[in-house]
Amino acid sequence: MSFAKKDALRKLEQEIQDYWESEKIFEEDAPTDGRIGNVDEKYFATFPFPYMNGRLHLGHTFTVSKAEFSVGYERLRGKKCLYPFGFHCTGMPIKASSDKLKRELEQYGCPPQFPEQTEKIIIEQETVSAGEGPQFKKKSKVLAKEGGLNSQWEIMQSMGISDTDIPQFTESEHWLRYFPDFCKKDLQSIGLKVDWRRSFLTTDVNPYFDSFVRWQFHKLKENDRIQFGKRYTIYSPKDGQPCMDHDRSSGEGVGCQEYTLIKMRVKDPYPPSLSRISGKPVYLVAATLRPETMYGQTNCWIAPEISYLVFRTVKQGDEILISTKRAARNMCYQGFTHREGEIESLFEVKGIDLLGVGLSAPLTHHDVIYTLPMLTIKENKGTGVVTSVPSDAPDDFAALRDIKNKPDLRNKYGITEDMVIPYDPIPIINVPELGDLSAVTACDKFKVKSQNDKDKLELAKDMTYKLGFRDGVLKVGGYKSKKVSEVKKIIKDKLIAEKSAFAYQEPEKQVISRSGDECVVALCDQWYLNYAEPQWKAQVTTCFNQLNTYSQEASNNFTNSIDTLHEHACSRSYGLGTKLPWDEQYLIESLSDSTIYMAYYTVAHLLQGDVYGSTPGSLLIRPDELSDEMWDYIFHLDKPYPGGCRISKEKLDVMRREFSFWYPVDLRVSGKDLIPNHLTYYLFNHVSVWPDKQAHKSMWPRAVRANGHILLNNEKMSKHTGNFMTLLEGVERFSADGMRLALASAGDTLEDANFIIEMANAGLLKLHTHLEWMKEFLTYNETLRIGDYNFVDKIFIAKINSCLQIIEQQYEKMLYCEVTKYSLHELLTCRDKYKEQSQIYGGMHRDLVERFINIQTVVFSPICPHICERIWQMTGNKGSVLHARWPDLISFESGSSQHSWLSAGEYLADTVHKMRVKMKALTETKLKKNGIKTMPNFCEIFIAEKYPPWQIQIERGVWDMNKKSMPFVQRLKEKVMEEGSISCLESKINFNQMDILSLANEYICYALDLDKLWVKDVSTAPDKVQQECEPLNPFITFHYTSPSPILNIYFKNPQPCTGYFSEYICIVQDDPIEHVIARLRRRLNISRDLGITLIRYTDPITQSRNIPLPGTDYMNNPLYTILSQNTVFIIQPDQLLVRDNRSTQSAGRDLIYLIH
């Protein structure tokens, strides 16, 4: 890839960005007349403010681009557009990172001397400077070490920060001062349409935003949305507080999994491994999701190789429990032990030493069941103890059957027959489709042979569990004849009340906090948002039903999230943020202060003089003057001016005017991973703070556009592997517009998109070529044709209009891959095709090309605004292209329609394609037969206006099965499926096929290098051709010899020094003069910019041997006659006749041609 081309675009982009900044193009204010903004005149788009602990990367940029392109489009619709951008610093990550760095420097010195790590791989890569200034240095390789970048020092180095600057990051506030500036510069480098006046920083460092968040939480508490109490939550023991999604280095979106812990008491006498225990009951505890199946317990599974922890619990009295260490760690934060977080461990025991132990289990009719070995138990899920119900659990049935049938396996683990053989599956639940032993039936159905048939067991489990819950009916116990779905929770609660089970929760999957701690589920005293409250959910559902999510998949994800959302801990004791107004020992966590801050964007520039809020804004309001009553007045249009307010009503009215115009948010863009948390919380908080309409409009969000993650060259981005790209690296490598084009082309669905470097390079080159074409065009546009439009112009107009309509539709759907396809690739392809076709007919039309350039530039400007701005300026337009309006369709003259010319153009292109394919096949056949590659010179095309009779009969149901009819029946079926009507053979052609191909005759001959093309009605063709020719599917026949009379004529050129010589050219019977000139032009490769005049000898018999002299005046010389544009050539034996409107004359065997 040429660096010169990229550098030229980068220089252009910087000039354009400087122009935009000087003109303040992206700064927008509400109208001063105080009107309420409606959907037709304003557009307010936002992106979740990124976290300020590093540079923005490709993933950020991909999501940002969705809002960026949308804002660009809405500007073209004539709307005032607001796109603000803030910087998020709330939460643990910055504080955890700064503290970690501080510990490293204290422990290992500065710079730290870490213990040596094993280098796993060395990945060489081309790198680009990560930023400006001396603190950013180029790296030549990435070291991927065992476990990745483990130290904070290494992480800071990987960001390009120098060793001398890193120690400053031990202070949290330095992060807040450092990264926002780079974030802004990086986004400006890509030409983002952001009103930077409205940018701000979160946390109490910014007193203005701090006041806003405190007001928000007062509103939530007033509405009884915030409560206090013990709730299960993901918790970091190391950090001593709940660990919400944004506090996690892995496990984002993971919630709490609720289990029932079944207590299975070890029967006396205790085995030797437990003999040191006396006087206290000992229980193996098994985590289950199906307490209703405990009636069918036949044994308990233990993993022989796992180490189990024996520990004391006080949950239901002084008891001893046995589980994995991991499960015990969770339990000690859920009230199982004397002190929270402390396990009263007695000793550890290997699983193999717990096998063959007799147990007393609740609900089962067996007095004793035994522990048996299962090798597939996982230590990272549940308690490591699994209760066995082979009647309704396929895994249990397969494992029990294996151990019954394998004496050697029993002997290996000391299991006697009496512990296994008497225990058969117990019928406890009837499932209509599977009977009383659903697991047995499912295993038979899927042919499960052993517990190692994992794939088949998954299918069996899926069927058994779904049908069992949905349709299962209990056959035993106190709830006999009741549906499982009705009594599941009742049985669980009864077991817990009878002290036969515990309630227990653990993370659904592993969660690691930003501090590197593996999280647990804890039962905490906490302030929480009660998202489970039914009335609140009902309001959110109403809001969601009005929300545009742009895809059914996103809609389904929202629905599921709203339905399953429960309490959310909104406070923490560690990190950065705003203090909870009524309990200042806690901070408001990062997912809770980021739900309605979009409202703050509307007034931020009036309050703050900088992003930190360290100086007042244009209204000169001090932080100490802010109050909840002031915020109420601004954001609730029905509130009166608050008495005793220290800020004048005039100033508050300015802020209220901004809010009332811009709100609600018209678009929120985000990654799909934020649907279960941030985006759903965003809806909940809006309907709580603004429950009713204000000034006749709702303040609820109007649209949310979620996207998938982005891959880099088909692989997940990772700093550890070197497959990573920051925003700035992308801009420096591909230019701003090249980067934007690649992002637009990467993907639009919730599936992961793909940024391909090779395509980004190709896009950059295409942009540069497009700009160079524009420069070239401006050098010769004055020489282009003017006047009426011809048929090539009209086809081009139809294509432009069609693309324009499609582009508009795709912009509305936010499908930017399709926008790029049509606004760049398709339109430029149409332009090049038009240039190719029009050169046969006098060249391109000046007004039409200029109109095309303006249309393409405007509709493409949201994607690549820099290059479009330059083209807009080059073509003499005033102002910025960003102030342009969406173009109107190009109108047709009376009697023409876009649809007919579009169809005609497609028909012409399709016919030429079919001719190429047929010509290639014919040529290859000749090559194989004769060993010589020869091209046919003549072609006949037969046109049909209606279908042949035998096809119409088939449509009516009368037909014989044969080789000819079957392919047509298949095509007929496809047409019916496409058009939805059996009458699809009715002629619906909106143009004249004969006229189009006749008009394009010269172009087709030029494109296929034919000497002659005849376009004929099928009625003149042989019967075989008539039977095969259909409307829109002409019958094409090539010839190596002309089917009409032909005569080779000697064409002389008397002009000296032209490079054009005499040549024999064939003339076919009834050739019009334009066909002969076109043939001469092709054979002698005469430029389309040159004209050709044909001249005959007045007396061809006596004068044809004379060579015309240079400088001869052919117009006034009686020896020569210039052939008119109406001339038609007639072939007679050994001579050529020419006929025009006046007479028919002999032309002999020689003609003269002049180039001018």
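This is a predicted model: local features need pLDDT of at least 70, side-chain atom pairs count only at pLDDT 80 or more; totals for chains, interfaces and linings use all residues.
I'll start with the annotation. The unreviewed UniProt entry gives a domain, "Aminoacyl-tRNA synthetase class Ia", over residues 16-100 and 172-754. That label comes from the record.

Now the second largest pocket. Its volume is about 1,700 Å³. The lining has 43 residues, and the closest to the centre are Leu 289, Lys 381, Asp 395, Lys 461 and Tyr 465. By class, the 43 residues split into 16 nonpolar, 11 polar and 16 charged.

Which elements supply at least two residues each to that lining? On the strand side, they are β8 (256-266), β9 (282-288) and β16 (385-388). On the helix side, they are α8 (394-405), α11 (454-471) and α12 (484-497). Helix α11 gives the most, with eight residues.

Searching the whole structure gives two cavities of 30 Å³ or more.

The largest cavity has a volume of about 50 Å³. Its lining consists of Thr 61, Val 64, Ser 65, Glu 68, Phe 69, Ile 190, Leu 192, Arg 740 and Leu 743. Helix α2 provides the largest share, five residues. Helix α20 (736-746) is also among the elements that supply at least two. The lining divides into five nonpolar, two polar and two charged residues.

Is Glu 74 buried or exposed? Glu 74 counts as buried, because its relative accessibility is 8% and the cut-off for buried is under 20%. The side chain of Glu 74 makes a polar contact of 2.9 Å with the side chain of Lys 79.

The second largest cavity holds about 40 Å³. Around it are Asn 1001, Glu 1002, Cys 1005, Leu 1010, Asp 1011, His 1075, Ala 1078, Arg 1079 and Arg 1082. Two helices, α30 (1001-1008) and α32 (1073-1084), each contribute at least two of the lining residues. The largest share is from α32, with four. By class, this lining has three nonpolar, two polar and four charged residues.

Last, the strands. Strand β32, residues 1046-1052, pairs with β33, residues 1063-1068, and the two run antiparallel with six bridges between them. Within that pairing, Tyr 1050 is opposite Tyr 1064 of β33.

How does β32 run relative to β40, parallel or antiparallel? Strand β40 covers residues 1150-1155, and β32 and β40 run parallel, joined by three bridges. Here Lys 1052 has Ile 1152 of β40 as its bridge partner.

To recap the parts to look for on screen: the second largest pocket, with α11 as the main contributor to its lining; the largest cavity, with α2 giving five lining residues; the second largest cavity, with α32 giving four; and β32, with antiparallel β33 and parallel β40 as partners.

Notes
Residues are numbered from 1 along each chain as its sequence is written. Side-chain values use heavy atoms; hydrogens and water are left out. On a 1 Å grid over the protein atoms alone, a cavity is a set of points where a 1.4 Å probe fits but cannot get out, and a pocket is an open set with protein on both sides within 12 Å along at least five of seven lines; lining residues have an atom within 4 Å of a point. Grid points are joined across faces, edges and corners, and a volume is the space filled by probe spheres set on the points. Ala, Val, Leu, Ile, Met, Phe, Trp, Tyr, Cys and Pro count as nonpolar, Asp, Glu, Lys and Arg as charged, and the others, Gly among them, as polar. Two strands pair if DSSP finds at least two bridges between them. UniProt positions are given in the numbering used here, feature names are shortened, and annotations may be inferred rather than shown by experiment. Buried means under 20% relative accessible area, exposed over 50%, partly exposed in between (1.4 Å probe, protein chains only). A polar contact is a pair of N or O atoms within 3.5 Å; within protein, one must be able to donate a hydrogen and the other to accept it, and residues adjacent in sequence count only if both atoms are side-chain atoms.
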